[in-house]
Protein chains: 2
Amino acid sequence: VNLILLDSSEIDSDGSASLSDARAVHLRTVLRVKNGDTVRVGVLGGPLGSATVVGVNADGVAVWCQLEQATPPIAAVDLLLALPRPKVMRRLWPQLSALGVHQIILTNAERVERNYFDTHWLAPDVYRPLLIEGLQQARDTHLPHVSVHRRLRKLVEDNLEALSPSTRRLVAHPQSLTRVGDALPDQSRRVLLAVGPEGGWNAFELQLLERHGFTAVAAGHRTLRSDTACVALMTLVHDALRR
Amino acid sequence: VNLILLDSSEIDSDGSASLSDARAVHLRTVLRVKNGDTVRVGVLGGPLGSATVVGVNADGVAVWCQLEQATPPIAAVDLLLALPRPKVMRRLWPQLSALGVHQIILTNAERVERNYFDTHWLAPDVYRPLLIEGLQQARDTHLPHVSVHRRLRKLVEDNLEALSPSTRRLVAHPQSLTRVGDALPDQSRRVLLAVGPEGGWNAFELQLLERHGFTAVAAGHRTLRSDTACVALMTLVHDALRR
């Protein structure tokens, strides 16, 4: 943990806050803070800053926050992801928020098994702590927006422009010969990256996406597991936007 | 699994082979092969090809191999990795071989805990199946070479040039402003990428590496978990070599 995240409702108007959950345990047992120590903090959706420890006991840790640093920029990437199997989705949550994503749009596809949608890893109470874990790793404060869609076609035709307006659209397709960087000549524009299921998008899905403005790109000719592929593609998009 | 890997000793001179381990179980229960079906195969360290199923029963699967395709190229990247904690190392093995690495050189560093070296994930019998899992995912046949070194300084001063000769050397350092692609102008040269422990290389280690020809690069300004960082950096190196 490189940052302790607080909700703005937890901080009093004078900057004081009392932590009593896993964050307090981390401060006490991993960082072993004592009165007068300072730790990096951030407010969800807000600025970064530092907190001075003003009290430590078995019930929790009291801190006094000075939120004098800027709010981090909003990530320039949205992700449209065909729902992977539950174990992979669990692994992806913290990695996605650490890499930096504004919006995670989960969708069905032919090669997504229907029962994947029943997993508890799609419950907000379950994935929220995992997203926060990634934010705390990467020192970000913006919790990604998450939405789950059961029908790809309806999503692409009716909802996508409102969800991810004016983004440059890329679809990962292992057979493409276009490198991610070559498909992103304009670094000022936000990106919507579509990543398919383990077996890939089918021909209809790929056509649907291309008809709606998605350019096919590849992270190389090797077939990767979907979590590795997702990290690889997000990395290439962020790198291209940083040139 | 996108490829079934065999050892050359398993294949008779007429191309026939009998599988009775996890590969046979995969063929029978996941791919549900029957006589006459063909599956993609490869020989460890050798060519790719196809195999025709000629017998299926509870004991195993008999196949007839035609290894008529080329041997895949050797990966152009070597990895020098400060040993991560056991759980992370376990996760990395299949991802590294899937991404493509010729050599995995594991080392100590100040911020590596000594007991990490005691993990069973460093036993060849334990990591070999994980490396093969990644090769079968990515359709590669070259098992990465693995070596474990307890002293970083001795490794860098005495052994590295023999282990990874004439490679362009990069060291991941979050504070660097150099993008991986900008540090690799010459795509014809192999790369040795050094990735530090969770808390980073210390100042002495970084100096030691820079004195021995390593250029500091970063995958961005965000601090990533070491497995995510490793996948991100390997991706950027491969991408730069593919321009």
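Through which surface do the copies meet, and what share of the interface residues of chain A are also interface residues in chain B? The copies meet through the same surface, since 100% of the interface residues of chain A are also interface residues in chain B.

## Basis of the model

This is a predicted model, in which local features need pLDDT of at least 70 and side-chain atom pairs count only at pLDDT 80 or more, while totals for chains, interfaces and linings use all residues. Residues are numbered from 1 along each chain as its sequence is written, chains are lettered from A in the order in which they are written, and side-chain values use heavy atoms, with hydrogens and water left out.

## Symmetry

Chain A is superposed on chain B by a rotation of 180 degrees with 0.0 Å of shift along the axis, at an RMSD of 0.0 Å (least squares on the C-alpha atoms of residues with pLDDT of at least 70 in both copies). The two copies are therefore related as by a two-fold rotation axis. Within chain A, the C-alpha of A:Ala232 is the nearest to this axis, 2.9 Å from it.

## Interface

Chain A contributes 31 residues to the contact and chain B 31 residues, contact meaning heavy atoms within 4.5 Å. About 2600 Å² is buried between the chains, 48% of it given by carbon and sulfur atoms; this is the accessible area (1.4 Å probe) lost on putting the two parts together, summed over both. A:Arg179, A:Arg222 and A:Thr223 supply 25% of the area that chain A buries against chain B, more than any other three residues.

Between chain A and chain B there are 4 salt bridges (a side-chain nitrogen of Lys or Arg within 4 Å of a carboxyl oxygen of Asp or Glu). A:Arg222 takes part in a salt bridge with B:Asp140, at 3.0 Å from N to O.

## Cavity and pocket

On a 1 Å grid over the protein atoms alone, a cavity is a set of points where a 1.4 Å probe fits but cannot get out, and a pocket is an open set with protein on both sides within 12 Å along at least five of seven lines; lining residues have an atom within 4 Å of a point. The model has 1 cavity of 30 Å³ or more. The lining of the largest cavity comprises A:Arg91, A:Gln95, A:Arg225, A:Asp227, B:Arg91, B:Gln95 and B:Asp227, with 5 charged, 2 polar and no nonpolar residues.

The second largest pocket has a volume of about 1100 Å³. Of its 41 lining residues, A:Gly220, A:His221, A:Arg222, A:Thr223 and A:Leu224 are the closest to its centre.

Conventions:
Points joined across faces, edges and corners; volume = space filled by probe spheres on them. Nonpolar A, V, L, I, M, F, W, Y, C, P; charged D, E, K, R; others polar.
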